[in-house]
Amino acid sequence: MNILITGANGQLGNEMRVLSAEHPKHRYFFTDVVETEGVHVLDITDKAAVSAFVAVNAIDLIVNCAAYTNVDKAEEDEPTAMKINADALTVLGSQTVKLIHVSTDYVFSGDEHLPCRETDPVAPRTAYGRTKLEGEKRLLAVCSEAVILRTAWLYSSFGNNFVKTMIRLGHEKEQLGVVFDQIGTPTYAADLANAIFTVVESPVWRSGIYHFTNEGVCSWYDFTLAIHELAGIKECRVRPILSEEYQYRTPRPHYSVLDKSKFKKTFGVEIPHWMDGLRRCMKLMG
Ligand SMILES: NC(=O)c1ccc[n+]([C@@H]2O[C@H](COP(=O)([O-])OP(=O)(O)OC[C@H]3O[C@@H](n4cnc5c(N)ncnc54)[C@H](OP(=O)(O)O)[C@@H]3O)[C@@H](O)[C@H]2O)c1
């Protein structure tokens, strides 16, 4: 297959680039808004450019890793976030090729106390969540063949993320307050990339919405303790704090654990625990 991967400079996009080497039977076209080595320029909001790219390169499948992911900035500029996270999904979904799209736990309110299923009611509390939910809707309206993978708490050895921030702060500070009343599942973007290849290689194309994160649950506080332990950081005392003690610019979900039963059952796979993913990622980071 000829596979177009958008957002190839991001965390997930980079992991897709790494993993594509293990799936050499396909031909890959890596794109993003900024040109880098091996990555062509393609703005997913540019309908003419996307249509031309798909036609010229005889694309069979699009994996959309591109997104407007800055949750705080989306509050200040929802129209731009809407353009990239929603309007572009009409563009990508209208290309009459198969499509795998990545969405988020932020489509839910975060008020639940049980892992969210794909069929649970959505109620985004943030501009980012609203734009991602709208993207799902726009995509499903034009493309019945789409696969949507909702994920959460993504990190990678590529790009900036919570793991890297906590390692840096752990070296800089003697004390660190980290929230313990937000519960979720850290997800190694390499494991999500692997899940995407599971969908790609499935003998039968199974469209629909799926939840995919690593296994297990923790708070950001527990996650930080694990990161510091693996990084050998001993001099920084990590303190559990409440969300209200941290000046969040945007509300954060208190409980955003996703139920992955549908993905595991449909594709017959097991998913690594988040600690396992973290160990592999940090080993790579050195
Ligand atoms: N990060 C998380 O914790 C998290 C959690 C749940 C779900 N997700 C979802 O998972 C997916 C992957 O996230 P990620 O963390 O890998 O994101 P990321 O690192 O922010 O990467 C997104 C990439 O898309 C690019 N991009 C932005 N606008 C574009 C456009 N118009 N055309 C083409 N490319 C564009 C970005 O470029 P610039 O950086 O130059 O804008 C960036 O390189 C996204 O759909 C995200 O919503 C992420």
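Visitor: What should I keep in mind about the model and its numbering?
Guide: Residues are numbered from 1 along each chain as its sequence is written. The model is predicted, so local features need pLDDT of at least 70 and side-chain atom pairs count only at pLDDT 80 or more, while totals for chains, interfaces and linings use all residues.

Visitor: What makes Ala146 count as buried?
Guide: A residue is buried if 20 or more other C-beta atoms lie within 10 Å of its own, exposed if 12 or fewer, and partly exposed in between, with C-beta atoms placed from the backbone. Ala146 has 22 C-beta neighbours inside 10 Å, so buried it is.

Visitor: Where does Ala146 lie, and which residues is it in contact with?
Guide: Ala146 belongs to the loop between helix 5 (127–142) and strand 6 (147–151). Helices (H or I, at least four residues) and strands (E, at least two) are DSSP runs, numbered from the N terminus. Contact takes C-beta atoms, placed from the backbone, within 7 Å. Setting aside neighbours within four places in sequence, Ala146 touches Gly93, Leu99, His101, Leu139, Leu140 and Ser207. Ile100 sits 46 residues from Ala146 in sequence, but the C-alpha to C-alpha distance is 5.9 Å.

Visitor: Why are Ala58 and Thr96 called exposed?
Guide: Ala58 has 10 C-beta neighbours inside 10 Å, so it counts as exposed. Thr96 also gets that label, because 10 other C-beta atoms lie within 10 Å. Ala58 is in the loop between helix 2 (47–56) and strand 4 (61–64), and Thr96 is in the loop between helix 4 (78–93) and strand 5.

Visitor: What is the phi of Ala58, and what is that of Thr96?
Guide: Most residues other than glycine have a negative phi. Ala58 has a positive phi of about 45° without being a glycine, and Thr96, not a glycine either, has a positive phi of about 50°.

Visitor: Why are helix 1 and helix 7 called oblique?
Guide: They pack at an angle of about 60°, with axes 8 Å apart. Axes are lines fitted to C-alpha atoms, for helices over the stretch in contact, and angles run from 0 to 180 degrees between N-to-C directions. Under 35 degrees is roughly parallel, over 145 roughly antiparallel, 65 to 115 roughly perpendicular and the rest oblique. Helix 1 and helix 7 are therefore oblique to each other.

Visitor: Which residues make that contact?
Guide: From helix 1 come Gln11, Leu12, Glu15, Met16 and Leu19, and from helix 7 Ala189, Ala190, Leu192, Ala193, Asn194, Ile196 and Phe197. Nine are nonpolar, two polar and one charged. Here Ala, Val, Leu, Ile, Met, Phe, Trp, Tyr, Cys and Pro count as nonpolar, Asp, Glu, Lys and Arg as charged, and the others, Gly among them, as polar.

Visitor: Which residues of helix 1 are buried, and what do they pack against?
Guide: Gln11, Leu12, Gly13, Asn14, Glu15 and Met16 are the buried ones. Among their partners are strand 1 (2–6), strand 2 (27–32) and helix 7.

Notes. Two residues are in contact if their C-beta atoms, placed from the backbone, lie within 7 Å.
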